[in-house]
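Trainee: I'm new to reading structures like this one. Could you walk me through it?

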2 protein chains.
Amino acid sequence: MISAPVLPPCITRETFEQAVAEFREIAGAENVIVELDRLAPYTKIMIPDEDAWHQPACVVAPVSVVEIQAILRICNRDHIPLWTISTGRNFGYGTAAAATPGQTILDLRRMNRILEVDAEMGTALVEPGVSYTALHDYLEARNIPFWLSFPSSGALTGPVGNTLDRGIGYNRYGEHMAHFCGMEVVLADGSVVRTGMGGVEGSNSWQCYRWGYGPWTDGLFTQSNFGIVTKLGLWLMAKPPAHKTFGVGWDDAEDMAAGIDAARRLRLQGTIETFCMGNALSGIGSVIRRAGIWSGQGAIPDDVIADFCRARGVSLWGATATLYGTTGQIAVNLALCREAFLATRGHFVTEDDFPVDRPSPLTPEINRTTGQLDLSAFGIYNFRGGGGSAWFGPVLPMRGSDALKSIALAKPIFAAFGFDFIGSLTMGYSGRHIDHIMDLLFDRTDAAETDRAHACFTSLVETFAAAGYAPYRTNIGFMTKVAEIYGPAQQGLNRRLKRALDPNGILAPGKSGIF
Amino acid sequence: MISAPVLPPCITRETFEQAVAEFREIAGAENVIVELDRLAPYTKIMIPDEDAWHQPACVVAPVSVVEIQAILRICNRDHIPLWTISTGRNFGYGTAAAATPGQTILDLRRMNRILEVDAEMGTALVEPGVSYTALHDYLEARNIPFWLSFPSSGALTGPVGNTLDRGIGYNRYGEHMAHFCGMEVVLADGSVVRTGMGGVEGSNSWQCYRWGYGPWTDGLFTQSNFGIVTKLGLWLMAKPPAHKTFGVGWDDAEDMAAGIDAARRLRLQGTIETFCMGNALSGIGSVIRRAGIWSGQGAIPDDVIADFCRARGVSLWGATATLYGTTGQIAVNLALCREAFLATRGHFVTEDDFPVDRPSPLTPEINRTTGQLDLSAFGIYNFRGGGGSAWFGPVLPMRGSDALKSIALAKPIFAAFGFDFIGSLTMGYSGRHIDHIMDLLFDRTDAAETDRAHACFTSLVETFAAAGYAPYRTNIGFMTKVAEIYGPAQQGLNRRLKRALDPNGILAPGKSGIF
């Protein structure tokens, strides 16, 4: 809850009001927000932090690069910090809010044009406000035989924000950082750069070839505050002639670890392209309520979860993957997968083991790996209730022993603070790493519990760092703390780049710990 | 031929001699070269440019980061430009020479340690002086079941230089820019940055996860002069249980174009992972001498090539690819490939169509796609003789119509200047682009012909740029000209980054047109 307006740091009310008046002239009065009640959607955070630490001074929603350039002129003149969002639904990482109070939210949702889709090459060029839903509907309406890759939140979010924050999806192109192609970026001084082949007049390969010529700069504009990305090229996954989803269940952690090693080998050999493993709560948590399992104090005890799962035939660890291809390709690959996972003492099922006419446990995986937007994973937010969520996502080598170690580090911390351990491990595209994403759920209406969640998250970050594991992404309350884990040399390089590209420091101060 | 020493620009002989004396103290006298005769290996260029335009003042070969730091201190103090090479065999792009005269070559061949190979994850961490041969032998000696991807020059070159210059190979990981993981970089001021997970103390995922946290800066240090890469992580390709190479031949250009479209669709569906197409001369040119076909003036006429090919059963256009997997996986994929390429009226053969006990036309492709270093493609340098070679490599969307257009643009230019058109088109990892690499061969002992080759290359660059096509890489004589094709916005951004990271401009001035 916020109760009083904030100003940008070190700026007088008069200066700011003048700037707001100019924002209104640039973007239209209806696209500039300073009223507290209208700011509410931008301050509704889920992470365990004070709302006030992330309260914006203003929101401005331009519709074009020209309007962004005009806004930047004012921000540079008055040193007004500007935090860019696209759809602003960054949920467990910070929703639409900024790392520091008093920033002006540059809301790009009105820049929502699908500029081009090439139905032969399977590429798209979109603006930041384009949602996965809009792009999905565009492809469907035109029978374009390509699928989107999107995160669990796909039905509510969009590809530009997700990709720039290194979000992940679940199909062949699930590692979004590896599958975008070409950017248009507005720098802090208003200059516009089209990267890669986008700099070549008359080029028809901006969305076909990633690297261009000379230093590859696109990476600079991901998870950073070095520029405002106003167009992004995407690779779309060709619809295969057929697909088949399978699941593997394990009740023993060592077997599950062997399963991760098996999945790595299958990926390195090109047999599988997707793999996501989770503990029982990460699966059942999206379809049941916590109160149905446990009403005692603290985290749900292991034996309670085990009893619940045993009674319902649910494994303690479950993985899913989808094979793509002709029925012939799928048959030969499925046989290899079955053999490999049975050797880990896994319980192996495919979608064929369930009735076709109603949802099965594999339905969410089928949907998310075949371009069908599906919010079912977000049922997890009903599991516990209370609106608190913080995602902790350390990167691990894709090795069973690292998965076990990560679980062994995390679980006691969750338990010590009285929270349930809910985690999934998603394979990266090369099969060499997994993002171990844990969802710290808590009751954000309870101030003491929110404080505990903050302490729990702090302990997770610190404990993992001490063991050499660091998150691939973090929430707006922990950005500097995580940057420190990556060490002074990277921080120093980032600072030098920041000074060069944004000398007044107006773009999203604090993003990824860069000021 | 060079006949007199050069100095770094704007530096007195005394200053430079003092600097050289200090280089000797740092790296050892035997690792510093200023004598003209000993500089010869560093000035032997193949491109159609005056030797003198690329003549170094000195070579220094340090063995450690500490020595590099000491060298940088002197270069910053005296404004001595420093051009970094690893193995220095950049052949048709400039061999070991610098973009401008008077640079000191920082030769990293003595930094040749294989620091780590993870036989489970399929990763390596190497220094710049490591050759593909050394790394290949290391894997073989230890029975590590992974293969290298390397360019045609692999037996003479190394992974760090090739990867940093966006070189390509031919197996599953052939797009090297997409398959390295983690760097150590020495910046111009001597500070050392380990990128990605390399910044995290105690991390075991430096070579497993590419992106780290915050802006991804690794791309900055490719095709650039922003830092000196002293360690590079590589992903190695898992040896498959089996592999099968196939070839497709076409005599009609339209059919060949249909074949490229078919290959794109096969790649987008995940059926093939490699594909390289070339014209007849690019194939036969590496095994025959030009004089055996044609002794007339100018380029070999099309009908002479056609007659030669017809008599020997060689197609005018030929593509190769290798399938990996179990015999079952290969069988089902091979059937799909056969069907797809037969539909383009291609002549389809596999390695099974040739006797196993002697080399076949597919042998070079088998070798290069299965980790066997093979210089046979370099037989092309015997085709014409004379030691002149310049590679022109525009990027195209992977579309038959673009391939036809590129050939239609290039061939008349080669012919107009009296040179043979020799070109191959190699598919990128996403199946959305091809590098159309043409080898301009000429007699570098003939000054008039060298001038004509220079004019031909200029015409190629300009004609392709006017059509919207630009090279993915270029030689040291054309770096600024190509940078201009990518436009002023990218040039401006690169200049700002250069000023931030190398304010004295000592690192490789002119690299990729950046000063």
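Trainee: What covers the buried residues of α4(A)?

Mentor: First, the ground rules: this is a predicted model, where local features need pLDDT of at least 70, side-chain atom pairs count only at pLDDT 80 or more, and totals for chains, interfaces and linings use all residues. Residues are numbered from 1 along each chain as its sequence is written, with chains lettered from A and ligands numbered from 1 in the order in which they are written. A residue is buried if 20 or more other C-beta atoms (placed from the backbone) lie within 10 Å of its own, exposed if 12 or fewer, and partly exposed in between. The cover over the buried residues of α4(A) includes β5 (114–118), β6 (123–126), β7 (146–147) and α5 (159–164) of chain A.

Trainee: Which residues of helix α4 of chain A are buried?

Mentor: In α4 (residues 132–141), they are A:Tyr132, A:Leu135 and A:Leu139. They span an arc of only 70° around the axis (taken from the directions from the helix axis to the C-beta atoms), so they sit on the same side of α4(A).

Trainee: Why would that happen in a helix?

Mentor: An α-helix has 3.6 residues a turn, so residues three or four places apart point the same way.

Trainee: And which residues are exposed on the other side of α4(A)?

Mentor: Over there, A:Glu140 and A:Ala141 are exposed. Just after α4(A), look for A:Asn143, with a positive phi of about 50°.

Methods:
Helix = DSSP H or I, 4+ residues; strand = E, 2+ residues; numbered from the N terminus. Contact = placed C-beta atoms within 7 Å.
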